[in-house]
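Here's a quick briefing to read alongside the model. Have the structure open and follow along.

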Amino acid sequence: MTVEIPNPSSPIYKRAGIATALMFFFAGFTFASFMSRIPTIRDAFELSPASVGNILLLGSIGSVIALPTAGPIAGRFGPRLTVWAGYGFWIAGMTVVVSTYDQHSLALLALGLFISQLGTSMANTTMNIAGGYVEVLSRRRIMPWLHASYSIGTVSAALLGALMIMLNVGVKLHLVIVIGLTIVVMFIAGLMYVPQQIIAHISRDESGSSNTKRTKAAWMEKRTVMIGLMVIGTGMMEGAANDWLALAMVDGFHVSHAQGTATFAFFLAVLTMARLLTPSMQRRWQPRPMLQVFLVIAIGGLFLLALSPWVWLALVGVIAWGFGASIGFPTAASALSTDPKMTAARISVLSTIGYGAFLIGPPLIGYIANFVGYRQAIGFIILPALISLYLARYIDER
């Protein structure tokens with residue numbers, strides 16, 4: 001069957017780009033909506049730093065299961081159905097979290113997070129694959145804008161979370177509203193994705209190799225794996241802010257829960273602005289040196305936050321941290337999306353490593369925080385960030 005591929009300026013790709021950006025927005029919104037209530041949940045369940053880390057880590061096991069399989073599933077069934085399936089799991093998991101909140105059952109809380117993170121990891125990987133297809137078909141670099149949409153979603157959710165705390169709105173009602181919005185938006189946006197017949201045509205492998213075989217082949221590519229390892233540091237920088245920044249400000253500087261959540265929102269606002277400016281900066285800078293400069297700025301910001309005795313200087317560190325951590329994953333995703341036949345496979349590798357670090361690495365900070373406190377524990381992320389700085393050289397085109 002012959003499939004006609006629309007030209008790069010086709011409205012099909014514009015709609016798909018908007019739909020994918022909307023998906024990214026709600027991916028950030030749903031994730032940060034829960035994270036913005038972590039201080040409240042911590043107090044309600046009377047959890048120690050290590051216990052918070054345990055709960056988040058147990059939830060992240062769902063991500064470990066979903067990440068390696070998302071690429072082959074998206075390659076087989078298409079991004080639309082895979083994203084819908086992922087958010088079906090997320091809705092089920094969040095429903096468990098809402099149902100168990102009054103019972104204060106740690107087991108059910110961990111189960112709910114396991115199911116929800118299984119779903120979000122499947123959906124997030126697939127959204128990056130969908131974004132890669134839009135980049136290739138429209139011949140426009142949109143990955144930074146897509147990740148800016150994710151960050152805008154996280155900022156919106158963090159600000160809403162701070163407002164909910166100030167208005168004494170309960171965690172259950174807050175999350176129920178988020179679940180309802182997500183159901184509606186995810187279904188509508190999915191309808192506007194690039195049609196599956198176009199994706200199937202451009203990603204067809206003449207050798208007849210399966211999606212699973214292509215994913216295995218991607219794991220054997222040195223450049224793909226090195227870029228995946230590079231985003232461990234950037235993923236941990238962003239993930240640690242989501243998990244611990246609010247608590248670091250609350251416990252480290254004795255600010256209120258609302259102020260701690262507002263600091264988290266401030267970090268995300270800086271991250272978002274940096275991502276919105278990235279495409280214009282990329283017209284002047286090559287990806288590798290630009291990424292390396294950003295990483296150096298982020299490392300400096302982490303030093304300031306971890307060691308500053310003053311709130312104002314810590315906020316300067318938050319600005320540098322957010323700015324510097326902004327372009328790691330978008331730059332890596334663009335670098336691995338140039339070949340449509342391998343886009344799903346390579347993004348699967350990137351997401352498995354990157355989102356794994358994003359979700360699994362930061363909970364380990366909770367164990368360190370038991371001994372040195374949240375702020376100082378965040379400083380340990382400098383070590384993987386330095387590794388990312390070294391591996392950024394693999395971003396250069398072959």
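This is a predicted model: local features need pLDDT of at least 70, side-chain atom pairs count only at pLDDT 80 or more; totals for chains, interfaces and linings use all residues.

**Salt bridges**

- Side chains of opposite charge can pair when their charged atoms come close.
- Arg346 pairs up with Glu221 in a salt bridge, with 2.9 Å between the closest N and O atoms.
- Arg346 sits in helix α15 (residues 340-372) and Glu221 in the loop between α9 (211-219) and α10 (222-253), so this pair ties together parts that are 125 residues apart in sequence.
- Arg346 has a relative accessible area of 6%, so it counts as buried.
- The other salt bridge to look at joins Glu238 to Arg275, where the closest N and O atoms are 3.0 Å apart.
- That pair links distant parts of the chain, with Glu238 in helix α10 and Arg275 in helix α11, 37 residues apart.
- Both ends fall under the 20% cut-off for buried: Glu238 has a relative accessible area of 8%, and Arg275 has 1%.

**Helix packing**

- How do α11 and α13 meet? The axes of α11 (residues 257-282) and α13 (residues 311-324) come within 8 Å and cross at roughly 40 degrees.
- An angle under 35 degrees would count as roughly parallel, and the roughly perpendicular range starts at 65, so α11 and α13 are oblique to each other.
- The crossing of α11 past α13 is right-handed.

**A contact across the sequence**

- Tyr394 belongs to the segment after α17 (382-391).
- With 17% relative accessibility, Tyr394 counts as buried.
- Tyr394 and Gly228 are 166 residues apart in sequence, yet their C-alpha atoms are 9.9 Å apart in space.

- Most residues other than glycine have a negative phi.
- Asn168 isn't a glycine, but it has a positive phi of about 60 degrees.
- You'll find Asn168 in the loop between α6 (143-166) and α7.
- Is Asn168 buried or exposed? Its relative accessibility is 70%, so Asn168 counts as exposed.

**Surface patch**

- Ile183, Val184, Phe187, Ile188 and Leu191 make a nonpolar surface patch of about 480 Å².
- Ile183, one of the patch residues, is in helix α7 (residues 171-190).
- Ile183 is partly exposed, because its relative accessible area of 44% falls between the 20% and 50% cut-offs.

Conventions
Residues are numbered from 1 along each chain as its sequence is written. Side-chain values use heavy atoms; hydrogens and water are left out. Patches are made of residues with over 30% relative accessible area and no salt bridge: like charges are joined within 9 Å, nonpolar side chains (Val, Leu, Ile, Met, Phe, Trp, Tyr) within 5 Å. Accessible areas come from the Shrake-Rupley method with a 1.4 Å probe; for residues, only the protein chains shown count as cover. A salt bridge is a side-chain nitrogen of Lys or Arg within 4 Å of a carboxyl oxygen of Asp or Glu. Helices (H or I, at least four residues) and strands (E, at least two) are DSSP runs, numbered from the N terminus. Buried means under 20% relative accessible area, exposed over 50%, partly exposed in between (1.4 Å probe, protein chains only). Axes are lines fitted to C-alpha atoms, for helices over the stretch in contact, and angles run from 0 to 180 degrees between N-to-C directions. Angles under 35 degrees count as roughly parallel, over 145 as roughly antiparallel, 65 to 115 as roughly perpendicular and the rest as oblique. A crossing is left-handed if the near helix is turned anticlockwise from the far one by less than a right angle, and right-handed if clockwise.
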